[in-house]
Amino acid sequence: MALTRQFLKSLNLEAETIESVINEHVQVTEALKNEKKELETKYKGFDELQSKVTTLETENKTLKETEQQYVAYKADIEHKAELQRKETKLAQLLKASNANEMVIPLLLKAVNLDDLKLTDKGEFENSPIDSLKAEYSKLFEQPTQTTQGVVTSTPPATPTPSQEDQFLAGFAGK
């Protein structure tokens with residue numbers, strides 16, 4: 001039921017009282033309408049903000065995944081660089097320990113480089129050279145090459161001019 005002048009007259013109210021009640025009712029109604037408009041405006045802004053929050057959360061998740069991938073990639077690169085430093089240092093030590101240069105690549109494969117640790121000075125904390133020498137001692141011996149010419153008791157005879165002519169005539173005749 002609406003609050004109207006007719007309703008208020010039916011309650012036997014005076015005209016001044018009816019006008020006061022109507023004016024107060026209009027003020028309250030206008031205030032409620034204004035508050036409703038403000039809330040609707042805020043609600044629209046809330047929807048926009050909620051959309052932005054969802055977008056930012058998605059971007060944040062993607063960023064975190066990318067960061068994790070970067071950290072893993074960086075760790076992999078650092079690990080490979082560390083292995084390369086260890087391999088280079090071990091090859092130098094093997095060469096200095098008179099390892100046969102032909103088998104240094106094989107000796108490098110015989111060592112688990114992940115188990116080795118380099119100090120800040122670039123030296124191994126636990127050098128594997130002694131264990132390699134013990135296990136592969138033959139590979140640390142340098143091969144000796146002795147070349148000996150053909151031993152002949154009598155040197156070959158120098159061909160005579162007639163033998164040379166006969167030899168060359170064999171080619172010319174063909």
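Helices (H or I, at least four residues) and strands (E, at least two) are DSSP runs, numbered from the N terminus. By this rule, Lys-89 lies in helix H2. The model is predicted, so local features need pLDDT of at least 70 and side-chain atom pairs count only at pLDDT 80 or more, while totals for chains, interfaces and linings use all residues. Residues are numbered from 1 along each chain as its sequence is written, and side-chain values use heavy atoms, with hydrogens and water left out.

The protein has five helices and zero strands. Along the sequence the pattern reads α-α-α-α-α. Of the 174 residues, 13% are buried. Here, buried means under 20% relative accessible area, exposed over 50%, and partly exposed in between (1.4 Å probe, protein chains only).

Helix H2 spans residues 15–96 and holds 82 residues. From its first C-alpha to its last, H2 reaches 118 Å, close to the 122 Å expected at 1.5 Å a residue. The expected span is 1.5 Å times one less than the number of residues in the helix. Just after H2, Asn-98 takes a positive phi of about 65 degrees.

The buried residues of H2 are Ile-18, Ile-22, Lys-86, Lys-89, Leu-90 and Leu-94. They pack against helix H1 (5–10), helix H3 (104–109) and helix H4 (129–135). Contact means heavy atoms within 4.5 Å. Lys-89 is buried because its relative accessible area is 17%. Leaving aside residues up to four places away in sequence, Lys-89 touches Leu-118, Gly-122, Glu-123 and Phe-124.

A nonpolar core is a set of buried Ala, Val, Leu, Ile, Met, Phe, Trp, Tyr and Cys residues joined through side-chain atoms within 4.5 Å. The largest such core has 14 residues, and Leu-90, Leu-94 and Leu-107 have the most contacts inside it. H2, H3 and H4 are the elements that give two or more residues to this core. H3 supplies the largest share, three residues. In soluble globular proteins, nonpolar side chains tend to be buried together. Leu-90 touches Leu-108, Val-111, Leu-113, Leu-116, Phe-124, Pro-128 and Ile-129, not counting residues up to four places away in sequence. Across the protein, among contacts between residues at least 6 apart in sequence, 54% join residues at least 24 apart.
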